[in-house]
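Have the sequence and the model open as you read.

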Amino acid sequence: ESQVWAHGMRTSCDGTVVLGAALGSPEFAQSHYESVAQQGRSLLQSISLMESTQCAFLLLKFCANSRIAHITCLSPPDHTVEATLLHDSMIEESMAKLLGVCRFTELARKQMRLRPFNGGLGLASMFDQRHHAFLSSSVV
């Protein structure tokens with residue numbers, strides 16, 4: 001693997017990463033996107049250590065949860081399945097830690113994913129949105 005420029009583009013035999021978008025085989029793309037999702041783990045650990053639950057929730061919602069949204073726009077949905085599932089599970093774990101619960105029931109999980117307008121927390125599922133995001137970015 002080589003870095004062509006200081007930022008923005010990496011190449012290897014299996015593919016190339018340009019501004020976060022993996023261009024190459026589906027396996028290369030999936031591997032790259034899973035590593036991007038894994039990189040968010042340290043951010044989520046830092047957020048969970050915050051004293052203010054309100055500040056931690058806002059960072060979780062507006063920073064951490066949308067961290068991989070660009071991936072869902074750049075790559076076909078079947079390339080981002082594992083990465084978005086991993087991301088969603090890490091967000092869910094972090095929210096459970098903030099609330100002091102072990103895990104969510106299925107109903108609580110669904111409510112967490114609803115928009116605040118509909119009585120939820122607004123933590124959108126990247127897995128559920130990946131088809132819509134890719135389609136909308138392809139149409140433009």
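How much space lies in the largest cavity? About 40 Å³. Keep in mind that this is a predicted model, and that searching the whole structure turns up 1 cavity of 30 Å³ or more.

**The cavity**
- Its lining is made up of Ala37, Gly40, Leu43, Leu44, Ala64, Arg67, Ile68, His87, Met90 and Ile91.
- Sorted by class, that lining comes to 7 nonpolar, 2 polar and 1 charged.
- Helix H2 (41–48) and H5 each put at least two residues into the cavity lining, and H5 gives the most, with 3 residues.

**The pocket**
- The largest pocket has a volume of about 170 Å³.
- Here the lining has 7 charged residues, alongside 2 nonpolar and 2 polar ones.
- Among the residues lining the pocket are Asp88, Glu92, Arg109, Lys110 and Phe127.
- Helix H5 (81–99), helix H6 (106–113) and helix H7 (126–139) each supply at least two of the pocket's lining residues.

**Histidine 79**
- You'll find histidine 79 in the loop between helix H4 (69–74) and H5.
- Histidine 79 counts as buried because its relative accessibility is 14%, and the cut-off for buried is under 20%.
- Leaving aside residues up to four places away in sequence, histidine 79 touches Pro26, Ala29, Gln30 and Tyr33.
- The histidine 79 side chain also makes a polar contact with the side chain of serine 75, at 3.5 Å.
- Histidine 79 and glutamine 38 sit 41 residues apart in sequence and 16 Å apart in space, C-alpha to C-alpha.

Notes:
Residues are numbered from 1 along each chain as its sequence is written. This is a predicted model: local features need pLDDT of at least 70, side-chain atom pairs count only at pLDDT 80 or more; totals for chains, interfaces and linings use all residues. Side-chain values use heavy atoms; hydrogens and water are left out. On a 1 Å grid over the protein atoms alone, a cavity is a set of points where a 1.4 Å probe fits but cannot get out, and a pocket is an open set with protein on both sides within 12 Å along at least five of seven lines; lining residues have an atom within 4 Å of a point. Grid points are joined across faces, edges and corners, and a volume is the space filled by probe spheres set on the points. Helices (H or I, at least four residues) and strands (E, at least two) are DSSP runs, numbered from the N terminus. Ala, Val, Leu, Ile, Met, Phe, Trp, Tyr, Cys and Pro count as nonpolar, Asp, Glu, Lys and Arg as charged, and the others, Gly among them, as polar. Buried means under 20% relative accessible area, exposed over 50%, partly exposed in between (1.4 Å probe, protein chains only). Contact means heavy atoms within 4.5 Å. A polar contact is a pair of N or O atoms within 3.5 Å; within protein, one must be able to donate a hydrogen and the other to accept it, and residues adjacent in sequence count only if both atoms are side-chain atoms.
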